Amino acid sequence: MNKTIIVSNRLPVNLKLKSGKFEFKASAGGLATGLGSIYKQGENLWIGWPGNAVEENELQQEISTELKKLKMAPVFLTKEDIELYYEGFSNETIWPAFHYFTQYINYKDAYWDAYYEVNRKFCDAILAYAEPEDTIWVHDYQLLLLPMMLREALPDATIAFFQHIPFPSYEIIRMLPWRRQLLEGMVGADLIGFHTYDDMRHFLSAVGRILGLSNESGYIQADHRLVNVDSFPMGIDYDKFANAAISQKTLTKRKKFKDQLGGQKLLITIDRLDYSKGIPQRIRAFDRLLDQREDFHGKVSMIMVVVPSRAKVQSYKELKTEIDTLVGRINSKYSTLNWVPIHYFYRSFPFEELSAFYSMSDIALVTPLRDGMNLVCKEFVASKTDQDGVLILSEMAGASKELVDAILVNPNDISAVEQAIVAALTMSDEEKKSRIASMQSSLKKYDIFQWVEVFMDRLAHVKQKQQEFQSKALDRNIAAEIVSKFKEAERPIVFLDYDGTLVGFKSRPEDAYPDEELLEIVSGLANRCEVVLISGRDKETLGKWFENQKVEMIAEHGVWLKRGDQSEWELYADVDDGWKDDIRKVMDYYVLRTPGAFIEEKHHSLVWHYRKVESGLGDLRMRELFSHLKYMASGHNLQVLEGNMVLEIKRPDINKGRAANSFMRGNEYDFILALGDDWTDEDTFKAMPKDSYTIRVGYDYTQANYNIKNPTEVRKLLKQLMGSK
Ligand code: GDG
């Protein structure tokens with residue numbers, strides 16, 4: 001039976017050393033609860049660091065035994081690992097970079113080396129348990145290299161990755177000296193998940209620019225594998241918070257707190273100590289409110305919980321000092337004997353007290369400068385069972401994409417945050433109720449259990465899609481079958497597309513001329529069968545490149561034909577060029593606006609090339625031009641087609657399929673092979689008789705019977721054919 005292994009930097013367990021013995025308590029955090037439905041079943045388990053630097057063998061044994069009972073297995077880290085991999089590369093390099101705090105990025109080779117080594121350590125620990133076909137779900141930024149390490153060791157395993165923090169724009173990623181390795185590490189997974197569409201978009205752009213892997217609707221081709229990238233906004237254990245809010249324990253605490261505080265309106269803020277959370281900015285906004293609105297003095301208090309975190313990192317120490325100073329200043333400025341503006345706690349609270357804080361507060365002020373998702377805001381909404389509360393939420397939190405009924409603010413805009421607090425304090429009961437109710441119904445539906453289920457379903461879907469591709473991949477057996485059928489055939493014919501099939505793409509089309517090896521293959525093959533080069537290229541270029549070869553050539557998708565034994569080209573289809581002037585004007589306009597773009601004119605078509613255009617801009621302009629041309633095309637009865645870095649407009653009745661068909665008419669071929677790499681070749685594939693071999697280069701959807709990896713593999717196959725006769 002295949003098992004599922006969850007992997008994260010920290011195990012969901014609290015480990016306390018009490019009078020020489022360890023005490024273990026499984027964590028009740030949202031993720032741990034959600035994943036409980038997975039790791040607690042059957043042979044499944046959770047692998048990660050237990051959270052202490054334990055180096056003595058005996059203690060490690062003791063911990064492993066105890067963890068086993070909780071269905072967990074440890075990866076032990078040394079003090080040095082913690083310092084360089086965890087506090088270092090994870091929290092001083094990746095964390096600031098991915099949260100757009102470039103000023104805090106530490107670029108240290110020693111950090112990177114440790115990061116690599118610890119990811120390896122995790123990989124080894126997993127391999128001690130994992131079987132070749134298991135499912136392994138890796139979590140978060142501390143383990144970006146792990147998916148590929150696992151893939152290399154277990155090529156057939158199902159590997160998923162989810163990143164809990166933002167994925168920043170390419171402009172940030174490109175700053176990191178280790179950007180390529182980090183991205184390569186991630187694409188080892190079959191499914192890569194982020195909280196938001198923006199994170200996913202940034203990742204795809206970085207992978208495109210840095211690794212050169214393009215994507216189609218979130219699917220990338222990494223080597224032979226199809227990898228899916230998607231967004232999965234994480235939910236919370238909704239019922240836990242909603243039920244706790246009305247539990248006796250919470251109600252008792254709530255009453256006690258309220259009695260101590262008096263009747264002020266309460267603003268709650270809860271965060272880990274982190275510069276990404278925007279704590280000083282938030283305090284300044286509150287300060288501004290008190291400064292501008294004396295009428296609120298004595299009527300509103302802020303409860304500010306800051307949970308200690310990463311206390312050894314310098315930027316965190318400085319942040320703590322800044323917060324302490326700000327709070328001190330405000331409290332000393334405004335406090336009265338029976339009112340304190342900010343109740344500041346630098347510690348964490350037990351769950352019941354947290355629940356009481358949420359449910360008794362009137363407003364939650366959640367204003368991170370950047371946050372992957374942010375669960376605090378969701379927990380507040382779930383806890384407001386009386387629907388009498390307002391959420392003020394930063395636009396920079398992933399959660400803002402879902403919780404559109406919150407008051408959304410730019411956390412850097414202190415005056416906008418101040419106004420949002422005023423709006424929240426003065427909001428009508430009816431509006432509060434309607435906003436909270438709408439957020440509650442969405443959070444209830446997309447809770448953490450649903451999140452886990454959707455993610456796992458998607459993973460299964462990706463695996464299935466990979467299988468479909470796999471079954472079409474040209475393997476050794478099929479290649480052998482093709483070779484043997486070719487050998488037996490008395491009248492074989494081979495249709496070969498040129499660009500992308502026999503040669504790779506070059507940024508200047510004229511540079512993709514045939515090399516020595518290719519000329520040898522084509523002429524060698526032409527001695528053994530009929531070879532038809534069937535290309536979109538103009539007849540002059542094609543004619544010059546294969547001047548003295550015996551091959552047949554069909555140029556410009558079927559407009560021109562040159563037989564191997566003739567020296568002249570013949571017109572193979574009727575061409576009426578009357579439409580070109582109008583269309584060229586439109587294309588010219590898009591060339592002017594797009595540095596690097598150019599127009600190629602063919603006898604029956606106009607082609608707009610954008611392979612030399614800055615990536616991204618090219619796609620954007622192509623989309624615009626596409627809809628522009630589509631509109632014009634209908635008037636002229638033309639067809640607009642998207643190719644590999646080109647947009648082509650042409651007469652619809654001229655295509656490779658039609659040309660290939662007329663070429664074969666009246667002849668009896670007993671072996672037909674057609675190779676091509678893009679949609680123009682799909683016409684050829686469709687036109688082929690049923691028992692032909694049709695092969696598409698690259699792993700895109702196709703009408704062809706098979707896919708083959710790249711031109712190098714095509715050449716290998718053709719050489720095999722040559723050698724067989
Ligand atoms: C990362 C991403 C993403 C806080 N104080 C107490 C306490 N908490 C609990 C909250 C909440 C959790 O800690 C904090 O979660 P966040 O999502 O807000 O933030 P990060 O820890 O930075 O998490 C983040 C998340 O991963 C999940 O993908 O949302 O963007 O940065 O659950 O309730 N719990 C208790 N006492 C406290 O004092 N018991």
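Reader: Contact means heavy atoms within 4.5 Å. So with that settled, what covers the buried residues of H16?

Author: The cover includes helix H9 (238-245), strand S12 (265-272), helix H14 (376-383), strand S16 (390-394) and helix H15 (414-425). Keep in mind that this is a predicted model.

Reader: And which residues of H16 are the buried ones?

Author: Lys-432, Ile-436, Met-439, Gln-440 and Leu-443. They span an arc of only 110 degrees around the axis, which puts them on the same side of H16.

Reader: What's exposed on the other side of H16?

Author: Glu-430 and Lys-445 are exposed there.

Reader: How many residues does H16 have, and how far does it reach?

Author: H16 covers residues 429-445, which is 17 residues, and its first and last C-alpha are 24 Å apart. That is close to the 24 Å expected at 1.5 Å a residue.

Reader: S12 and S16 came up in that cover. What's the strand order in the sheet they belong to?

Author: S14-S13-S12-S15-S16-S17, an open sheet of six strands with parallel pairing. Strand S14 (342-345) and strand S17 (407-409) are the edge strands, each pairing on one side only. From one strand to the next, the twist averages 15 degrees.

Reader: How many bridges between S16 and S17?

Author: Three, with the two strands pairing in the parallel sense. As for who faces whom, Ser-394 stands opposite Val-409 in S17.

Reader: Switching topic: what about the sheet with S23 in it, parallel or antiparallel?

Author: Antiparallel pairing, in an open sheet of four strands ordered S23-S24-S26-S25. Strand S23 (598-601) and strand S25 (639-642) are at the edges with a single partner strand each, so one side of each has no neighbour in the sheet. On average, neighbouring strands of this sheet are turned by 20 degrees against each other, direction ignored.

Reader: Which strands does helix H22 lie across?

Author: H22 (residues 617-636) lies across strand S24 (605-609), S25 and S26, and it runs at about 165 degrees to S25.

Reader: OK, on to S28. How many of its residues are buried?

Author: Five of the five residues of S28 (residues 693-697) are buried, so this strand is largely enclosed by the rest of the structure.

Reader: Which residues sit on which side of S28?

Author: Tyr-693, Ile-695 and Val-697 are on one side, with Thr-694 and Arg-696 on the other, and both faces are covered.

Reader: What unit do S27, H24 and S28 make?

Author: A right-handed β-α-β unit, in which the helix H24 is residues 679-687. Strand S27 (residues 671-676) and S28 run parallel and are joined by four bridges. Across that pairing, Ala-674 has Thr-694 in S28 as its bridge partner.

Reader: And how does S28 pair with S29, in the parallel or antiparallel sense?

Author: Parallel, over three bridges, with S29 being residues 706-708. Arg-696 has Asn-707 in S29 as its bridge partner.

Reader: What does Tyr-706 touch?

Author: Leaving out residues up to four places away in sequence, Tyr-706 touches Lys-472, Leu-474, Ile-478, Tyr-693, Thr-694, Ile-695 and Arg-696. Tyr-706 and Leu-675 are 31 residues apart in sequence and 9.6 Å apart in space, C-alpha to C-alpha.

Reader: Last one, zooming out. How many helices and strands in the protein chain?

Author: There are 25 helices and 29 strands. The chain has 725 residues, of which 56% count as buried. Its C-alpha atoms fill a box of roughly 105 × 65 × 45 Å along the principal axes. Of the contacts between residues at least 6 apart in sequence, 70% join residues at least 24 apart.

How values were computed:
Residues numbered from 1 in each chain as written. Predicted model: local features only at pLDDT ≥ 70, side-chain atom pairs only at ≥ 80, totals over all residues. Heavy atoms only, no water. Expected span 1.5 Å × (residues − 1). Buried < 20%, exposed > 50% of the residue type's maximum accessible area, 1.4 Å probe, protein only. Arc of directions from axis to C-beta. Pairing = 2+ DSSP bridges. Axes fitted to C-alpha atoms, helices over the stretch in contact; angles between N-to-C directions. Right-handed = clockwise from strand over helix to strand, strands pointing away.
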